[in-house]
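Colleague: Could you walk me through how to read a model like this one? I would like to start with the pockets.

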Amino acid sequence: MPFIALHPEVGRVDATQRDLGAGLDWSQVYKVSPRVALTCPECSWGVHAKHSPNRVRFFCHDGGRPPECSLANESWEHHMLKLVMASANRDAGMFAELEVAGQDGSWRADVMATSPDGTQRIAWEAQLSPITVEEIKARTDRYAAEGIAVCWVSPHKRPPVWMGAVPSIRVRIPDGDDESWVVDDGLGSFGSGSWFFQEADLAQFVKWVVRGQLRPCRSVTPNRDVTRIIGTEYRWFRRTLWWTSRQSAEAQNAWEEERIRRAEATRRREEAARQREVQRLERQAAARARREAWLATPAGQLAQQRRRELQKLKDAQEVEQRAAARRLQAQRDEERARHRAELQEKRAREFALAQEREAEREAARQELERRAQTTAEAWWGRLSRSQVKELFTAVFDAAWQQDGIRVRIPEGGGVAASFAYGVPVHASHRLYGIVRPCPELVALSPQLAYHQVFARNAKEVQALEAGGLRTSRLTHFHLADHEQIALC
Ligand SMILES: [Zn+2]
């Protein structure tokens, strides 16, 4: 469905223009009788004016056209894209023509936009068929050679291989009649050290391009890879060239300058560090060489000799010091051992002495006990068997009559050394009193003072008190001495 046809009288007619670009009205070619002999500029086959269902005007090949005509074979999208680009350029104040070929036939622009003063020309190429990067670059160069800017446009969903290799954009075809064509790829902005994809209405994009507000800008090597979220995933794209604003281009330049400046500063710092290291090694080598040279001189030799001697002396001193330290240590060890031996000996002596004293004390105690026993035996020996019985009967009766207590009279003696060899008598489990302690031994049993003490008569009481017994509970039974003559 080409928009261009050749009119037999006026030449080229353009269905996208109100006056067909030739001062004609559509009614002068559409359904007129007799028919105007319009032909295809590409294959020269007969064409006739026609409307699409949505009122787009175009020229349709007559039946039996040659199959190779490229205009006839172009898709609906291709034609619509050309129509939209032509309209956008016209809205932007440009003069736009379709299917404009170069004079030497080296190019044919889908839409050629020219500024009113004729100084600015931009070719808009709807590129739907596959093309290599080399080929599209070569075609771009051919335009450039004639001072024509170019923008390659793809309406495909997937970006073509040449996207971003030449000045190019990808557009989204609108779903409905009311929607507009949107630039989806090829327009970018630079910020924070990287490029970002931008979107814009195609008509707006064309306006910015023709006004020079957008220009192709080469991305510097570190910034060529750009991420974009598509659906829910991050995707990587390589873009060498962007349509972008002057601000973004300058931002990238400033960023790149700063990057280079920093890299240069780093390089210089590293170079300086390397230089310093080289100098340090050189100084070291020079110092070594100076020293070796000096060592070769007689003075150096002498100094070396002196140093060796000094070292020898120092070594000898050290050996001597170590030996002295060892001797001192041995002395100390010896002293310590001697001291230990002395201490042990002293302890042994003290132990022996203590044992000796203990033995003496034991002997004295035994002696004392023996004497006490002798004294006590003499004391009790003064009484006849019946007198003893008489005494204990008196104790028994007194306990019963005075205190209502039955005391147990021990049988056969029962003297207690701790009670001055008196006889303790018990009532139940309680000690009731001490019977007739020995007056001479009272002083050795102070605990008697806390008990009731029984004696035979006043004489014995007297003797006990004279012996040092101090108790308020000293009782006697007025028993006669009978044949006992000698008392203490
Ligand atoms: Zn044709």
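Colleague: Which element gives the largest share of the lining of the largest pocket?

Modeller: Helix α7 (residues 385–403) does, with four residues. Helices (H or I, at least four residues) and strands (E, at least two) are DSSP runs numbered from the N terminus. A pocket is an open set of points on a 1 Å grid over the protein atoms alone, where a 1.4 Å probe fits and protein lies on both sides within 12 Å along at least five of seven lines; lining residues have an atom within 4 Å of a point. Keep in mind that this is a predicted model, where local features need pLDDT of at least 70 and side-chain atom pairs 80 or more, while totals for chains, interfaces and linings use all residues. Residues are numbered from 1 along each chain as its sequence is written, and side-chain values use heavy atoms, without hydrogens or water.

Colleague: How much space lies in the largest pocket, and which residues are closest to its centre?

Modeller: The largest pocket holds about 360 Å³ of space, which is the volume filled by probe spheres set on the grid points. It is lined by 13 residues, and Val388, Phe392, Pro410, Gly412 and Gly413 are the closest to its centre. The lining has eight nonpolar, two polar and three charged residues. Here Ala, Val, Leu, Ile, Met, Phe, Trp, Tyr, Cys and Pro count as nonpolar, Asp, Glu, Lys and Arg as charged, and the others as polar.

Colleague: What about the second largest pocket?

Modeller: That one has about 270 Å³ of space. Of its 15 lining residues, Met80, Pro174, Gly176, Asp177 and Trp181 are closest to the centre. Both α2 (76–91) and α4 (202–210) give two or more residues to this lining, and α2 gives the most, three. By class, the lining of the second largest pocket divides into eight nonpolar, three polar and four charged residues.

Colleague: Which residues coordinate the zinc ion?

Modeller: Donors are N, O and S atoms within 2.8 Å of the metal (3.2 Å for Na, K and Ca). In this model they are Cys40 (SG), Cys43 (SG), His61 (NE2) and Cys69 (SG), at 2.0 to 2.3 Å from the zinc ion. Their spacing in sequence is C-x2-C-x17-H-x7-C. Cys43, in the loop between β2 (11–14) and β3 (47–51), and Cys69, in the loop between β4 (57–61) and α1 (70–73), link distant parts of the chain, 26 residues apart.

Colleague: What geometry does the site of the zinc ion have?

Modeller: Four donors count as tetrahedral if all angles lie between 85 and 135 degrees. The angles here are 100 to 120 degrees, so the site is tetrahedral.

Colleague: Is Cys69 buried or exposed?

Modeller: Buried, with a relative accessible area of 2%; the cut-offs are under 20% for buried and over 50% for exposed, with a 1.4 Å probe and protein chains only. Leu441, at 7%, also counts as buried.

Colleague: What order do the strands have in the open sheet of seven?

Modeller: Two strands pair if DSSP finds at least two bridges between them. The order is β5-β6-β7-β8-β9-β10-β13, with mixed pairing. At the edges stand β5 (95–101) and β13 (200–201), each with a single partner strand, so one side of each lacks a neighbour in the sheet. Six bridges join β5 to the antiparallel strand β6 (residues 108–114).

Key:
Four donors count as tetrahedral if all angles lie between 85 and 135 degrees; four count as square planar and six as octahedral if opposite donors are over 155 degrees apart and all others between 65 and 115; anything else is irregular.
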